[in-house]
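Please read the following report alongside the sequence and the model, and follow the named residues in the viewer as they come up.

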Amino acid sequence: MANIQGKTYTKIVTTGSEIWNIVPFDDNGNVVSEMVIECDTTLGDLTLNLPKISTLNNNWSIKITIVGNVGIGNNGVGIKSFPTTALFQGDTIGGADNIFLADPYITIVLNVAGYNTWYGVRTLGA
């Protein structure tokens, strides 16, 4: 498992089934208010884990854009919110625990909608 940390743009080209954590802070703890993650899943599927909203320190203006360049064989991009545990209320993405991008060049823009809810707008590409 790897991190996408403190970057405004990242391109991921999968080489198999991969899991990445999204960390919208740089090494000094400064917030990165806008992140774009381009995902080429030609060689394998990808899971992106969103940060727990409560860890954002009220930086709710964060915007995460995920472009799913879904590859051959329908490898998709799964986007997961922070799950409910015995100690913590989990987050959701518009009421769902996760979403899956399976169409070519689909894009989703994620923003914080509330204390434990991400809001996402999908757009279709080519």
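Strands β8 and β11 pair in the parallel sense over 2 bridges, where strands are DSSP runs (E) of at least two residues, numbered from the N terminus, and two strands pair if DSSP finds at least two bridges between them. This is a predicted model, in which local features need pLDDT of at least 70 and side-chain atom pairs count only at pLDDT 80 or more, while totals for chains, interfaces and linings use all residues. Residues are numbered from 1 along each chain as its sequence is written, and side-chain values use heavy atoms, with hydrogens and water left out.

Within this pairing, T92, which lies in strand β8 (residues 92-93), stands opposite T117 in β11. T92 counts as buried because its relative accessibility is 17%; buried means under 20% relative accessible area, exposed over 50%, and partly exposed in between, with a 1.4 Å probe and protein chains only. Leaving aside residues up to four places away in sequence, T92 touches S81, D97, N116, T117 and W118, contact being heavy atoms within 4.5 Å. A polar atom of the T92 side chain also lies 3.4 Å from the backbone nitrogen of G95.

Strand β8 belongs to an open sheet of 6 strands, in the order β2-β4-β6-β10-β11-β8 and with mixed pairing. The edge strands are β2 and β8, each of which pairs on one side only.

L46, found in strand β5 (residues 46-49), has V77 as its bridge partner in β7. With a relative accessible area of 1%, L46 is buried. Not counting residues up to four places away in sequence, the residues that L46 touches include I12, W20, C39 and V77. L46 and L124 are 78 residues apart in sequence and, C-alpha to C-alpha, 19 Å apart in space.

Which residues form the aromatic pair? A search of the whole structure finds 1 such pair, and W60 and Y115 form it in an edge-to-face arrangement, 5.0 Å centre to centre with 80° between the planes. Rings of Phe, Tyr and Trp (its six-membered ring) pair if their centres lie within 6.5 Å, and planes under 30 degrees apart count as stacked, over 60 as edge-to-face and the rest as tilted. W60 lies in the loop between β5 and β6 (63-69) and Y115 in the loop between β10 (106-114) and β11 (117-123), so the pair ties together parts that are 55 residues apart in sequence.

The accessibility of four residues discussed here is listed below.

| Residue | Relative accessibility | Class |
|---|---|---|
| L46 | 1% | buried |
| T92 | 17% | buried |
| W60 | 27% | partly exposed |
| Y115 | 70% | exposed |

Conventions
Helices (H or I, at least four residues) and strands (E, at least two) are DSSP runs, numbered from the N terminus. A polar contact is a pair of N or O atoms within 3.5 Å; within protein, one must be able to donate a hydrogen and the other to accept it, and residues adjacent in sequence count only if both atoms are side-chain atoms.
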